[in-house]
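Reader: Could you show me how to read pockets and cavities in a protein model?
Author: Gladly; let's look at it together.

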Amino acid sequence: MQEGGAVTTRRSVGARRLLASLLGAFAVYVALVGLMPDALPRRELYADLAYLPFSIITGVLFWQASRTGTDRCRQRGLQLLVAAQLFGTVNQAVWVLGSAGLLTDDSPVFMIAGLAMTVSTAAGMLYLVPGRGVAGTTPVVPVIDATLLALASFSVGWQWVGAPVLLAGTESGGGFLWLASVAGGDLFTALIALTAWAFTGQRLRSSAAAFLALGLGLTALLDILLEYQTLRGTYQSGGAVDVAFATSIVLLGVAAFIEQAPGEESTERSVRRAMLMRVLLPLVSAVAILLPVIAQVISPTPGWARFVPVVLLGVFFFFVQWRARVLERAAEQALITRLAIERDLRLSQQFESLGRYAASVAHDMSNLLAALLAQTHVLRLVAGPVQG
């Protein structure tokens, strides 16, 4: 036991040092980009190099957290977040090479690493959300809920990232689709993290889920802002947007630090939070899927791109109807099960009453027979032995 405690102590000390290193790197990065003059030669290269340590340190923190606890889903989820940070490091390294003039910004490696980072983060968060069912027998409902969030997220990413890039003609091939997928994926992951915060379980602490939701939500917002600045020609590497991106990674690092210990038990506060999010999440997804359609009505995008939000809205309504049907069947099954249980309970109560009545009758009969036997025994004693 002492050896295990020593290992835990060394691990916590290492985690605190890593968190301190992450915060120190962030302070150095903010000071560097703030003090370097805009006219400095190769300023973007220096800023991008200073950005590299964030994903590396955060990945190590997630790796340490994945080695604690016994829940396999928790370990896999954290390991996927480690993989996401590794892909993020590759993505940033390619960006550095682009700043050095060795690669182009639309390099296939850059796009693949960015998409892999988004997919790994989303998969990791899905592992970390506690498993839920309806009436104990319908695990398909959470899958439908995740699909609804994914449709809403991609619709937002398409409307405010993919469609403007397609209209501007700045990306060749499927670049605009890649940008829309990454932006939508980041928003989807942020909503899943919010779900993990609402439905707290043994896989993730509520405080860690809150930091993950903040970091991933900030990333999703910055995706849109980054493309907006890029299209207007106002984006500068090492500027305020990159500082905000670094802040989002620091928030993820803080979540990884909190997760050095296994998740906490559900409390009364988390139950109230879950009840609130059961109402808010469908509302958020409905608003998110409707906003792009309203935006297309107000200012339609030329060509076929304006029909994408409408198609996604139709698919969204299909899944909503499917979800309602599944819930209706689950409610019917739950009602049938409850009626069967109540019937069995009534029968058991009737048999219990019969058993009590039979026991009472048997007790009374036993008393009568005991009295008769006693009288018979007395008479035999008085009469004496029988003469042959």
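Reader: How many cavities of 30 Å³ or more does the structure hold?
Author: A word on the source: this is a predicted model, where local features need pLDDT of at least 70, side-chain atom pairs count only at pLDDT 80 or more, and totals for chains, interfaces and linings use all residues. Residues are numbered from 1 along each chain as its sequence is written, and side-chain values use heavy atoms, with hydrogens and water left out. On a 1 Å grid over the protein atoms alone, a cavity is a set of points where a 1.4 Å probe fits but cannot get out, while a pocket is an open set with protein on both sides within 12 Å along at least five of seven lines. Here there is 1 cavity of 30 Å³ or more.

Reader: Which residues line the largest cavity?
Author: Lining residues have an atom within 4 Å of a point. In this case they are Phe62, Leu81, Gln85, Thr121, Leu212, Leu216 and Leu252. By class, 5 are nonpolar, 2 polar and none charged. Helices α4 and α8 each give at least two of the lining residues.

Reader: What volume does the largest pocket have?
Author: A volume is the space filled by probe spheres set on the points, which are joined across faces, edges and corners. For the largest pocket that comes to about 1200 Å³. Its lining has 46 residues, and Asn91, Trp95, Phe110, Leu226 and Phe245 are the closest to its centre.

Reader: Which element gives the largest share of that lining?
Author: That is α4, with 8 residues.

How values were computed:
Helix = DSSP H or I, 4+ residues; strand = E, 2+ residues; numbered from the N terminus. Nonpolar A, V, L, I, M, F, W, Y, C, P; charged D, E, K, R; others polar.
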